[in-house]
Amino acid sequence: MTAAERVCAFLDEAQTYYLATVEGDQPRVRPFGTAMVYEGKLYIQTGKVKPVSKQLGENPKAEICAFCKGQWVRVTGKLLNDDRREAKVAMLEKYPNLKAMYDPDDGNTQVLYFEDAEATFSSFTAPAETVAL
Ligand SMILES: Cc1cc2nc3c(=O)[nH]c(=O)nc-3n(C[C@H](O)[C@H](O)[C@H](O)COP(=O)(O)O)c2cc1C
């Protein structure tokens, strides 16, 4: 299992993670759930109309954090836009329920992937472990 696959499996199990972005000097955080590994990279999904998308366009630095079964992961890196249709299709195939709201050709659906990223797995009972994505 690659590091990206390990992080994605953790996010899948946690179901909800929290995505932090930066707006000027103000941190912004919100719940997210989408995650997939595509061409070896960890992807998330959003809508271009959302403030989160605008924030990432202006400053791609982001962190996500999720907690599950006594362990938490923090992923730090840049979230970069991938406008390829096939990447959007892959995301909607993983989350068919999203098809009620999103379409690869709607001009809104956006997928982004982590670049220059690392993930740290932590718990109260074991040393933290950091892996490159
Ligand atoms: C459990 C949960 C999972 C969510 N997953 C996503 C997601 O994967 N992508 C997304 O764009 N919005 C998702 N949302 C909705 C966002 O949290 C919401 O649109 C938020 O307002 C976006 O942040 P912004 O207002 O700063 O743009 C989710 C909400 C919840 C409660």
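The legends below describe several close-up views of one predicted model.

Residues are numbered from 1 along each chain as its sequence is written. Because this is a predicted model, local features need pLDDT of at least 70 and side-chain atom pairs count only at pLDDT 80 or more, while totals for chains, interfaces and linings use all residues.

**View 1. The shell of residues around the ligand.** The ligand is surrounded by 13 residues, of which G33, T34, T46, K50 and V52 are the closest; a residue is near a molecule if its C-beta atom, placed from the backbone, lies within 6 Å of it. At least two residues of this shell come from each of β2 (26-32), β4 (41-47) and α2 (51-58), and β2 gives the most, with four residues. Helices (H or I, at least four residues) and strands (E, at least two) are DSSP runs, numbered from the N terminus. The shell divides into four nonpolar, six polar and three charged residues, where Ala, Val, Leu, Ile, Met, Phe, Trp, Tyr, Cys and Pro count as nonpolar, Asp, Glu, Lys and Arg as charged, and the others, Gly among them, as polar.

**View 2. The largest nonpolar core.** This core holds 30 residues, and V7, C8, L42, Y43, V75 and L133 touch the most other members. Strand β7 (residues 109-123) contributes the largest share of the core, six residues. A nonpolar core is a set of buried Ala, Val, Leu, Ile, Met, Phe, Trp, Tyr and Cys residues joined through C-beta atoms within 7 Å; a residue is buried if 20 or more other C-beta atoms lie within 10 Å of its own, exposed if 12 or fewer, and partly exposed in between, with C-beta atoms placed from the backbone.

**View 3. Strand β5 and its pairing with β1 and β6.** Strand β1 (residues 17-23) runs antiparallel to strand β5 (residues 61-68) and is joined to it by three bridges, with L19 standing opposite I64 in β5. Eight bridges join β5 to the antiparallel strand β6 (residues 71-82), where K78 is the residue opposite K61. Two strands pair if DSSP finds at least two bridges between them. The hairpin formed by β5 and β6 has two residues between the strands, and K69 in the turn has a positive phi of about 50°.

**View 4. V29 in strand β2.** V29 lies in strand β2 and is partly exposed, because 13 other C-beta atoms lie within 10 Å. The C-alpha atoms of V29 and L19 are separated by 5.4 Å, although these residues are ten apart along the chain.
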